Amino acid sequence: MQKILLMYACLFLGLAGVASKSGASETSFLDEIKDIQEKFDSRTVEKVRPVTRETVLAKDQYNGRPFRVLTRKNEINRFKCSNCHTDKAVTVNQGVELTHGSISLNHGREEQALSCIDCHHPEERDYLWDKKGEKIDFNHSYQLCGQCHFRQKRDWLGGAHGKRVANWAGERVIYNCASCHDPHSPRFKKRYPATYSPPLDR
Amino acid sequence: MKSDNSSDKNGCSCTIGTAGSDRRSFLKGLSIAAAAGSAALATGCVPSVEAAAPEKMKLRWQEFFKDNYRLMTQEEKEATIARLERLAKLQDNLDIQMSSEPPIERVLYGYAFNISRCEGFMECVSACVRENNLDRKTNTQYIRIFEMEPGKLDPSTGDGRYYHKVPVENKFYMGTQCFHCENAPCTKACPIKATWMEPDGIVVVDYDWCIGCRYCQAACPYYGRRFNWGKPEIPKDEITTRQHYLGNRIRPKGKMEKCTFCIQRTRVGRLPACVEACPTGSRVFGNLLDPESEIRFVLKHKKVFRMKEELGTEPKFWYFID
Amino acid sequence: MRAVQERNLKTFFIDVIRWNLQGSYGFRIFRVILLIFMGLGVYAYSFQARYGLEVTGMNDIVSWGFYISNFTFLVGVAAAAVMLILPAYVFHDPDFHRVVIIGEGVAVGALIMCLTFILVDLGGPLQAWHLIPVIGIFNFPSSILAWDVLVLNGYLLLNALVPAYILYSHYRGRKADERKYRPFVFLSIFWAFSIHMVTAFLYQGLPARPFWNNPLLGPRFLASAFAAGPALITLVLAVIHSSTSYKIDRSVFNKLRLIIVISAIINLIMLFSEIFKEFYFPTHHSSSAVYLFFGMDGHTSLVPWIWTSVCVNLLATLVLAFNPGKNNPKVLLPACLFLFVAIWMEKGIGLIVPGLIPSPLGEVVDYLPTWVELFVTLGIFALGITVVTWLIRAALIIEQSYNPNAS
């Protein structure tokens with residue numbers, strides 16, 4: 001009988017030893033990560049294929065680190081606007097429907113709905129403008145959007161809003177605002193999901 | 001032995017007559033079992049005996065005896081990859097490029113999911129299925145998206161099987177997948193160390209080492225793992241041919257698999273398929289050891305939480321709200 | 001029976017085989033039926049080997065099903081041999097000494113069934129060599145499954161080799177040297193408790209499954225094992241007593257009844273404790289118990305199962321405890337059978353499947369074993385019964401012809 005008890009005591013001590021090695025500790029790996037001071041330059045990742053789409057260096061920086069943004073002008077069908085919009089008024093019959101008919105303006109809620117010239121410079125149609133009257137290039141439209149949507153812009157600079165283009169490493173290239181949001185009707189449309197999850201029993 | 005017509009008390013009847021019928025019944029039973037056994041072997045245990053080209057059998061034989069990936073030398077890794085590429089060509093006439101890309105130094109991958117931004121479009125699910133060569137027949141999906149009622153964060157209160165126009169008013173959407181825990185219960189449970197955490201933080205499975213006991217699947221608190229109950233079926237034109245040994249190569253039946261943070265993409269600096277596919281930018285991915293990365297920005301400036309944090313698994317997948 | 005002087009190890013094996021191929025007409029029919037079931041099991045397994053586990057009813061949520069349920073239950077039956085060994089060797093009860101070898105035979109049969117159930121449940125059984133240390137990787141001591149492999153195989157060796165040594169000595173007409181095997185017997189007493197606790201720890205150690213992750217699972221396993229195992233052994237002894245010339249004293253049955261009653265009552269107390277914890281203040285962690293006892297989201301397939309099991313368990317325990325009929329075998333033997341079946345229901349499907357439902361993300365599915373699982377299970381049970389029959393038959397023949405005074 002004593003032998004059985006002795007064997008149990010040994011097993012218990014052994015298991016206690018094993019158990020003390022593993023198990024949840026008080027410190028998290030996050031604390032160790034936050035202590036790391038050295039910078040990691042993701043451009044050192046060798047096998048990254050650089051983004052081939054057209055980009056432009058952003059005029060804002062995040063924490064002193066520059067980044068590039070996808071250009072917008074090559075996405076617009078009829079840029080330059082000044083081809084039609086010169087000093088004189090445009091006198092094409094039903095010109096609005098022919099050229100801008102596909103645009104439905106639905107930006108802002110009822111009382112604060114935006115009109116065209118809230119963003120488009122009325123004299124220089126190749127540019128946008130902000131409420132201070134500054135001219136803003138189409139490729140740098142974030143400067144305009146960020147006027148009102150400053151929280152999203154702050155997040156976008158840091159990476160919590162928007163997305164990098166294709167790579168997590170290498171030079172930072174991110175989508176500009178209009179890449180995802182149609183500036184005239186920015187809300188995502190309701191649609192069916194791309195797929196569905198079938199019942200899990202057969 | 002003296003023949004005795006009556007069986008003695010031990011039940012040991014020694015007459016020649018009964019001994020003969022005993023032998024007959026034994027042989028009859030044995031032949032039933034043998035026939036069934038050889039049928040089993042022919043149909044099941046030795047796969048596709050019909051087209052047994054000698055090269056294929058040799059490759060399969062070598063593959064059977066290879067070591068755990070973690071213990072292989074670089075030459076052995078390259079050899080097994082060459083064998084797997086050749087087998088894919090021989091068996092299915094597929095040209096694949098498999099890689100054994102090692103982890104990038106000083107990288108620990110982290111992931112964040114914005115539950116204010118997700119609109120439930122499930123583009124991520126669809127992209128993941130295509131990128132990772134998931135079985136179409138059983139509709140295996142690493143990623144699950146739940147339509148949630150505001151006020152409740154537990155996915156058990158959400159609906160994971162919706163199919164209607166999204167987003168629905170007053171609902172939010174939350175996605176789950178393998179969270180690549182730092183203190184993963186699944187890697188601890190595996191009896192043969194077929195699953196482990198790589199130095200860059202990705203929890204991987206060596207599909208050829210796995211014995212399919214599914215203990216890791218029982219241990220995972222997040223429904224992160226999937227099992228190949230049958231042979232995966234993928235239409236040939238949809239197969240992603242850029243594969244990684246530990247990632248999206250086509251798995252044999254009877255093996256465990258899971259999200260690998262698209263190891264075949266992330267180790268060459270690309271974003272995982274889910275992050276790249278998301279139309280609303282709800283997914284953030286990056287290097288936790290880089291203080292300037294997007295993921296670190298999220299962790300620093302946003303209210304982040306993790307699922308079932310009280311279990312102490314330390315997932316590297318955070319949820320946040322704008 | 002050959003003369004004692006002619007016997008050696010080779011004749012030992014030949015005689016064991018020969019004894020089991022002979023026998024009465026009824027015995028032969030019994031053997032053929034078992035062979036047929038084993039053949040059916042192999043046939044069903046061939047489907048599984050070819051198509052994979054998709055031919056079973058398991059899926060990503062219920063990833064363990066009928067096979068693991070039976071494995072869990074049978075480890076308990078194997079551990080219950082200790083309830084014969086303990087009185088025989090520690091308390092030196094002479095009546096139990098006579099039946100110890102039968103208990104060990106049942107244990108070996110149950111263990112072989114357990115190992116076979118694990119083997120058929122694997123998705124990649126050909127890779128099972130990866131478990132062997134040195135040539136594979138053995139994740140000891142982190143993985144409880146690795147522990148389980150060790151303890152089960154160790155227990156199999158203990159329960160096979162010690163009786164084999166004793167039987168072989170008796171076969172040669174010699175007295176077995178107790179000093180040689182006594183330490184191993186004591187080791188097997190301790191080991192029996194361990195195999196079932198380790199098997200319980202397989203489930204108990206998973207924080208992902210709140211239905212299992214409670215400290216009572218291990219002790220509950222022991223209690224139910226020591227109720228169901230001796231119940232089975234009682235039935236086996238009754239069969240032996242009635243169909244062979246190896247007679248077993250009434251006192252053995254009475255003492256076994258006592259063991260069964262105490263264990264079954266403890267089992268019911270533990271069941272009550274679990275029910276209280278789950279239902280006094282139900283949390284999200286109780287959803288598995290809610291699914292099991294009351295159904296969830298319209299999925300109620302296990303509700304009649306568990307309620308039948310609990311009621312039959314209670315009834316059988318009461319019958320065995322209060323003993324109406326005063327040790328009448330016609331009352332006690334059916335009670336043992338019902339207790340065994342009830343505990344099989346509750347500890348098999350009634351434990352494994354609800355632990356996995358709902359999924360960790362809260363999704364509820366139903367589980368039903370397919371014909372493949374049922375036939376493979378039948379085949380494995382037939383295999384186990386065959387092993388037990390072979391071992392016990394040989395053991396009884398040797399024991400009956402062994403004369404301790406003649407050596």
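The coordinates come from a predicted model.

The interface of chain B with chain A is formed by 66 residues of chain B and 48 residues of chain A. Together the two chains bury about 5,200 Å², and 56% of this area lies on carbon and sulfur atoms. Eight salt bridges cross the interface of chain B and chain A. One of the salt bridges pairs the side chains of R164(A) and E294(B), with an N to O distance of 3.4 Å. Polar contacts between chain B and chain A amount to 20 residue pairs, with both residues at pLDDT 80 or more. On the side of chain B that touches chain A, at least two residues each are supplied by β2 (109–114), α4 (123–131), α8 (273–277), β10 (283–287), α9 (294–301) and β12 (317–321) of chain B. Of these elements, α9(B) provides the largest share, five residues. By class, the side of chain B that touches chain A comprises 30 nonpolar, 14 polar and 22 charged residues.

The interface of chain B with chain C draws on 66 residues of chain B and 64 residues of chain C. The area buried between chain B and chain C is about 5,600 Å², with 59% on carbon and sulfur atoms. Within the area that chain B buries against chain C, I211(B), Y215(B) and W229(B) account for 14%, more than any other three residues. Four salt bridges are found across the interface of chain B and chain C. In one of them, the side chains of R144(B) and E363(C) meet at 2.7 Å, N to O. The polar contacts between chain B and chain C number 25 residue pairs, both residues being at pLDDT 80 or more. Elements of chain B that contribute two or more residues to the side touching chain C are α1 (16–45), β3 (144–148), α5, α6 (215–219) and β7 (225–227). The largest share of the side of chain B that touches chain C comes from α1(B), with 12 residues. The residues on the side of chain B that touches chain C divide into 31 nonpolar, 18 polar and 17 charged.

Chain C itself contains 14 helices and zero strands. The radius of gyration of chain C is 22 Å, close to the 22 Å given by the globule rule for 407 residues, so chain C is as compact as a globular protein of that length. Along the principal axes, the C-alpha atoms of chain C fill a box of roughly 70 × 55 × 45 Å. Of the 407 residues in chain C, 59% are buried. Among contacts in chain C between residues at least 6 apart in sequence, 76% link residues at least 24 apart.

Within chain B, Q177(B) occupies the loop between β4 (172–176) and α5 (185–189). The relative accessible area of Q177(B) is 1%, under the 20% limit, and Q177(B) is therefore classed as buried. The side chain of Q177(B) is joined to that of R283(B) by a polar contact of 2.9 Å. Leaving aside residues up to four places away in sequence, Q177(B) touches Y111(B), Y142(B), I143(B), G224(B), C259(B), F261(B), C274(B), R283(B) and F317(B).

Definitions and conventions
Residues numbered from 1 in each chain as written. Chains lettered and ligands numbered in written order. Heavy atoms only, no water. Contact = heavy atoms within 4.5 Å. Buried area = accessible area lost by both parts, 1.4 Å probe. Polar contact = N/O pair within 3.5 Å; in protein donor to acceptor, adjacent residues only side chain to side chain. Helix = DSSP H or I, 4+ residues; strand = E, 2+ residues; numbered from the N terminus. Nonpolar A, V, L, I, M, F, W, Y, C, P; charged D, E, K, R; others polar. Rg over C-alpha atoms; globule rule 2.2 N^0.38 Å. Buried < 20%, exposed > 50% of the residue type's maximum accessible area, 1.4 Å probe, protein only.
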